[in-house]
Amino acid sequence: MKIVLATSNKGKVKEIKDFLKEYEIYSLNEICEPFDIAEDGTSFKENALIKARAVYNKICELNLQDEFIALSDDSGISVDALGGKPGIYSARFSELATNEANRAKLISELKALNLPSSRAYYTACIAIASKFGEFSAHGFMHGTALTEERGENGFGYDALFIPNGFDKTLGELDDKIKLEISHRSKGLELIKFVLRSIERKFN
């Protein structure tokens, strides 16, 4: 059993490969030309399943369904003071939809409320599509969103987020610690039960 990731995000690919070291994992562009997927769901789970399903359909078109499954991640940050924004729109929060522009908009909206920080949390939904069905699992990480960037590790909003129990942002923490505590890792840990079950069926 091999896994194709429904993402072109290099940061996500690295994190998932680092966490699921026991599996043979490919990014989407290693099996086909990357293609746009309309993420028009209303929740992390819906969008994660939409992506996994689209990639699994491509796997079937290539007649690789007896060899590969599709795994996707839909994740984002929800800030309490902003009513839960950006949530599922985290990757396209700003008009430019770049990491830098998204962080700048988050800082701007908190400063407009005269807030130096706010309680916030990350959500990750991991979804799988395979010839044995579709599955999903969620992981969460709670902490505080800041109005100043700190650190250059990670991606997305990591330089603005301090996890509970730490005094450094994800952008300041090393990859090993982040891998232990992240929302994505928690979701992947749960989905491992599904992966093991599917792997047995493949064998």
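The points below walk through selected features of this predicted model, from its nonpolar cores to its rings, cysteines and loops.

1. The largest nonpolar core. This core has 20 residues, and among them V4, I31, V55 and I59 touch the most other members. The elements that give two or more residues to the core are α2, which spans residues 44-61, together with β3 and β4, and the largest share, eight residues, comes from α2. I31 illustrates how the contacts run: when residues up to four places away in sequence are not counted, I31 touches V4, Y26, I59, L62 and F68. As general background, nonpolar side chains in soluble globular proteins tend to be buried together.

2. S72, a serine in the interior. S72 belongs to strand β3, and its relative accessible area is 1%, so it counts as buried. The side chain of S72 reaches the backbone oxygen of A48 at a distance of 2.5 Å.

3. Aromatic pairs. A search of the whole structure finds three aromatic pairs, and two of them are described here. In the pair formed by Y26 and F68, the ring centres are 5.5 Å apart and the planes meet at 70°, which is why the pair is classed as edge-to-face. Because Y26 lies in strand β2 (residues 24-27) and F68 in strand β3 (residues 68-79), this pair ties together parts that are 42 residues apart in sequence. F68 has a relative accessible area of 5% and is therefore buried. Y122 and F161 form another edge-to-face pair, with 4.8 Å from centre to centre and 70° between the planes. This pair also links distant parts of the chain, since Y122 is in strand β4 (residues 117-130) and F161 is in strand β6 (residues 161-163), 39 residues apart. Both Y122 and F161 are buried.

4. Lysines over rings. K58 lies over the face of F35, at 5.5 Å from the ring centre. In a second case, the charged end of K131 sits over the ring of F202, 5.0 Å from the centre of that ring.

5. Cysteines. How many disulfides does a search of the whole structure find? The search finds zero. For C32 the reason can be stated: the closest cysteine sulfur, in C60, is 12 Å from its own, which is too far for a bond. C32 counts as buried because its relative accessibility is 13%, and C125, with a relative accessible area of 0%, is buried as well.

6. L106 and its surroundings. L106 is found in helix α3, which covers residues 99-112, and its relative accessible area of 0% means that it is buried. Leaving aside neighbours within four places in sequence, L106 is in contact with V79, L82, P86, F93, Y157 and L160. The C-alpha atoms of L106 and I3, which are 103 residues apart along the chain, are separated by 34 Å.

7. The loop between β3 and α3. P86, already named as a contact of L106, lies in the loop between β3 and α3, and the peptide bond leading from K85 to P86 is cis, with omega near -5°. A97 is also placed in the loop between β3 and α3, and it has a positive phi of about 60° although it is not a glycine. With 36% relative accessibility, A97 counts as partly exposed.

8. N114 has a positive phi of about 60° without being a glycine, and its place is in the loop between α3 and β4. Is N114 buried or exposed? At 70% relative accessibility, N114 counts as exposed. G133 lies in strand β5, residues 133-146, and is partly exposed, with a relative accessible area of 24%. The C-alpha atoms of G133 and G165, 32 residues apart along the chain, are separated by 38 Å.

Note on methods. Residues numbered from 1 in each chain as written. Predicted model: local features only at pLDDT ≥ 70, side-chain atom pairs only at ≥ 80, totals over all residues. Heavy atoms only, no water. Phe/Tyr/Trp six-rings, centres within 6.5 Å; stacked < 30°, edge-to-face > 60°. Helix = DSSP H or I, 4+ residues; strand = E, 2+ residues; numbered from the N terminus. Buried < 20%, exposed > 50% of the residue type's maximum accessible area, 1.4 Å probe, protein only. Lys NZ or Arg CZ within 6 Å of the ring centre and 35° of its normal. Disulfide = S-S within 2.5 Å. Core = buried A, V, L, I, M, F, W, Y, C linked by side-chain atoms within 4.5 Å. Contact = heavy atoms within 4.5 Å. Polar contact = N/O pair within 3.5 Å; in protein donor to acceptor, adjacent residues only side chain to side chain.
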